[in-house]
Amino acid sequence: MFVNLFQDPVNAAQGVAESVPQNPHAPAQTIDAWGQLPKLASTFGDVDGLFYFTYAVCIFFFVLIFAALLYSVIKWHRKTYDQPAASNVTHNTPLEVVWTVIPLIIVMVMFAWGFKGSLDMTNVPHGARQYKATAKQWNWTFSYPNDPVQSYGELWLEVGKPASFLLESTDVLHAFYMPSMRVKRDVVPGRYQKVWFQPIEKGEYHLFCAEYCGDDHSKMYAKVHVVDAVEYAKRPWDQWDDNNPAKGGESRYKALCSSCHSLDGTPLTGPSWKGLFVKDASGAIVGGQRDVFVGGVKETITVDDAYIIESIKNPEAKKAAGHEKNAMTAFPNLPDREIHGIIEFMKTLAGK
Amino acid sequence: MTTNVPAVDTHVAEPTSGRKNFLNCSSGFMSWAGTLDHKRIGLMYLVGVSIAFLCGGLFALLVRLHLWSPEGALFANADYNQIFTLHGAFMVFLFVIPAIPGSLGNMVLPLMLGAKDVALPRLNLLSFYLWCSGAVMATLAIILGGFDTGWTFYAPYSIYTDKAVVSIGLGIFLLGFSSIFTGLNFIVTVHKLRAPGLTWFRMPLFVWALYATSILQVLATPVLGITVLLVAFERLYNIGIFDPRLGGDPVLFEHFFWFYSHPAVYIMVLPAFGIVSELVSVHSRKPLFGYKLIAFSSLAIAIISFLVWGHHMFTSGQSTYAMFAFSFLTFFVAIPTAIKEFSWVATIWKGSIALNSPMLYTLAFLIIFAIGGLTGVILGALNVDIHLHDTYFVVAHFHYVMMGSIALAFFAGLHHWWPKMFGVMYNETLAKIACGIIFIGFNTTFLPQFIMGSRGMPRRYATYVPEYAPYHHASTIGAVILGLGIALMVYYLVASLFSGKRAMQNQWGGVTLDWHTPTPPPLENFDHSPSVTTEVYDYSVLDLETTRTPAS
Ligand code: HEM
Ligand SMILES: [Cu+2]
Ligand SMILES: [Cu+2]
């Protein structure tokens with residue numbers, strides 16, 4: 001259903017990187033000393049300050065209310081059916097003024113503090129590195145400044161360097177959320193959004209999709225590595241190995257295709273890749289047989305590279321039987337060497 | 001004053017004098033289905049919203065059980081998404097919004113005003129049937145393939161998904177009209193049918209609250225109706241208003257949606273405030289502290305709540321000015337809300353506090369609502385909300401207000417007016433136990449959600465990273481406890497209808513007009529046309545004997 005109508009010029013590249021499955025076996029976050037927030041890894045410490053301030057104010061008022069109720073109930077609960085109230089006071093103007101004005105002052109402090117903090121979040125500093133994050137159901141693609149190689153489901157940043165992201169969605173709403181960095185921004189189709197932060201701690205962090213976007217919303221995950229300058233200079237996102245394309249293909253599969261295609265025969269949104277390629281009697285790898293609908297007419301074809309490439313670039317041309325009602329996201333811009341890698345990976349499945 | 005008169009043994013209370021009341025004055029299917037009596041309509045609402053609540057609760061249990069394991073214990077992701085959507089939609093549209101005005105409001109408002117019925121009884125019945133047809137459409141949508149957009153129907157997902165969005169949208173449209181008509185009816189009733197001597201500032205606060213709610217219902221709900229219609233048109237005819245592929249703007253949908261849905265949270269909560277105001281006074285036998293301030297704060301909330309919808313969209317890329325205004329005004333709503341909470345506590349202070357089940361539910365409300373309201377203030381802070389938005393922190397916040405406060409206030413009101421409605425009392429011991437179980441279960445379910453939310457657990461996740469598992473476990477255990485508590489409550493309430501003790505004429509010692517009619521009330525509410533000569537909540541006029549005289 002989500003035909004890719006938002007083709008993106010920048011995406012029309014290029015290279016590739018090794019990446020990690022979207023299904024997170026991510027390292028657990030470290031929690032800060034107060035036990036409530038993930039340990040801060042960006043410069044947006046105002047969030048923490050204000051959070052704990054409001055938290056303390058809340059606890060104060062809660063304890064006040066709770067204590068007053070408890071005390072009243074113990075002291076003045078009705079012991080005889082005709083016990084009258086101990087007092088019939090209905091007003092106390094000074095008291096009412098106090099409990100209006102004091103909360104008013106407190107919330108105005110919170111407002112000003114919060115507003116100032118949010119201004120810091122909107123003002124991107126000069127010289128911030130320009131990244132791009134593209135969200136589509138249900139994965140993230142990252143582009144690096146002046147670098148043709150993109151990474152999928154995994155992102156590398158340099159510690160201490162402000163990073164600014166152009167956010168773009170090719171289908172529905174998503175949200176770019178990194179708890180440790182205290183940033184969140186909706187990714188809105190048809191608009192460019194921006195978010196920036198400055199990572200100050202090396203480590204591995206979660207990037208979640210925080211806006212509900214359909215079936216695999218919860219799997220729309222990326223692992224973010226914040227590394228030092230030396231490590232970053234090695235361009236760790238560019239890990240394609242031309243001598244082992246199947247390995248790169250597998251990582252593409254995990255990042256882009258595994259939400260809809262299984263390897264073990266289980267039908268998901270799309271058909272399993274089991275049986276696309278098979279081994280013949282001599283053990284050679286050959287294309288399997290597939291029933292497909294071409295313009296509504298069913299025919300049986302033998303799988304070959306051309307069929308796979310067509311299925312990736314223009315999935316509507318031949319619809320796999322049993323899944324003809326479902327739509328596949330097209331990947332018209334997937335670079336040839338990656339498609340080749342995926343096909344090599346598919347071939348490794350033959351006979352399994 | 002302190003003489004301890006032994007309580008009347010209610011078991012020996014003799015059966016009725018044969019007096020006809022609204023329950024037994026006529027019988028047969030049509031005498032209910034075609035009734036124009038506000039009390040019967042209220043009872044039918046009560047049955048309806050209770051069924052919706054139990055369905056919604058069942059979905060909630062499924063959600064919680066599924067989240068027992070990080071990979072999801074029960075369903076495929078797509079099915080989980082349908083279940084949490086059904087849970088939210090049933091609870092919000094079929095239960096929380098109509099529950100209190102439809103059932104208790106209908107039942108009690110005319111009694112409190114000293115009126116024979118609401119001003120427009122036929123419209124009242126129509127509201128009920130609109131509610132029913134909305135419920136039918138929602139159920140139909142499940143059969144037609146379900147829906148998986150979340151209760152918020154955010155575009156463009158709601159435009160693209162292949163589920164039954166149009167059907168449910170139509171259902172919501174009908175429910176919206178049900179809500180609008182109830183609001184209109186109550187406004188007219190309050191203006192026109194107050195008993196002689198019942199001036200505006202002698203009205204019980206439940207009436208004030210329903211009045212403020214009604215204004216919101218009439219003004220805000222049409223926007224929801226238009227919004228769901230636009231979504232339906234977009235799906236059917238591709239008009240290009242929300243779909244970015246056709247040049248539409250998904251953020252516009254969010255504006256429309258929250259323009260209704262923020263006021264809607266006050267449509268839900270103001271009646272609960274009304275019940276609590278009523279109950280703290282009666283069960284502390286003390287005039288409400290700051291009556292006028294509470295009445296005005298209801299109106300203040302009603303007005304300001306139209307201006308804060310943007311606080312649901314702080315991460316959507318609003319302009320700095322919009323953020324400024326919405327955050328500022330959001331903090332402003334907190335003030336009248338705080339005033340109410342303080343006034344209730346001050347009412348209880350030095351009262352004559354009866355620790356019966358309606359009061360226990362009310363105390364539970366006061367504690368839980370304190371947390372719910374205070375965490376709302378945390379969310380109002382701009383940069384903090386950017387971190388907390390769309391996490392379990394928000395989920396916990398609105399469950400503290402919607403489940404923990406509104407549903408508990410509804411239960412409190414139900415226990416309070418149950419003897420009035422049916423002339424029987426439920427088993428008080430069981431009621432107190434159930435209240436305790438519900439309180440514990442509720443907090444076990446939702447307190448951990450604050451923690452995992454502030455640690456970054458996003459909402460609407462069918463699966464999650466394993467580090468959040470301990471909180472999900474606690475939450476699931478809490479939900480099971482909560483479910484047991486509610487099951488117990490349903491049990492003893494229903495059982496009381498068959499084997500309950502006879503209630504007292506004025507079970508709790510209330511002094512508003514609803515306690516001046518016979519119990520249960522006759523068809524047209526009052527045997528004699530009532531008039532009001534004293535200030536509201538003046539317990540010096542309470543005739544204590546009526547609290548010990550069995551209902552006739
Ligand atoms: C002191 C008063 C309150 C304040 C300051 C407040 C503030 C907020 C804020 C800022 C949000 C947005 C959070 C986010 O999505 O990031 C929110 C969400 C919400 N609040 Fe409140 N709130 C208050 C009381 C209430 C009450 C009384 C109710 C209900 C009856 C309520 C129901 C909700 C609901 C339903 C949501 C979330 C809706 C959703 O995203 O699905 N709140 N609140
Ligand atoms: Cu998502
Ligand atoms: Cu709101």
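**Close-up views of a predicted complex**

**View 1. The antiparallel sheet β14-β13-β15 of chain A.** In β14(A), K298(A) is the bridge partner of F293(A), and strand β13 (residues 289-294) of chain A pairs with β14(A) in the antiparallel sense over six bridges. Strands are DSSP runs (E, at least two residues) numbered from the N terminus, and two of them pair if DSSP finds at least two bridges between them. The open sheet has three strands in the order β14-β13-β15 (chain A), with β14 (297-302) and β15 (318-320) of chain A as edge strands, each pairing on one side only.

Residues are numbered from 1 along each chain as its sequence is written, chains are lettered from A and ligands numbered from 1 in the order in which they are written, and side-chain values use heavy atoms, with hydrogens and water left out.

**View 2. The copper ion (ligand 3) and its protein donors in chain B.** H262(B) through ND1, and H311(B) and H312(B) through NE2, lie 1.8 to 2.0 Å from the copper ion; donors are N, O and S atoms within 2.8 Å of the metal (3.2 Å for Na, K and Ca), and sites may look incomplete because water is not among the atoms.

**View 3. Confidence in chain B.** The mean pLDDT of chain B is 91, and 97% of its residues reach 70 or more.

Methods. This is a predicted model: local features need pLDDT of at least 70, side-chain atom pairs count only at pLDDT 80 or more; totals for chains, interfaces and linings use all residues. pLDDT is the predictor's confidence in each residue, from 0 to 100. Helices (H or I, at least four residues) and strands (E, at least two) are DSSP runs, numbered from the N terminus.
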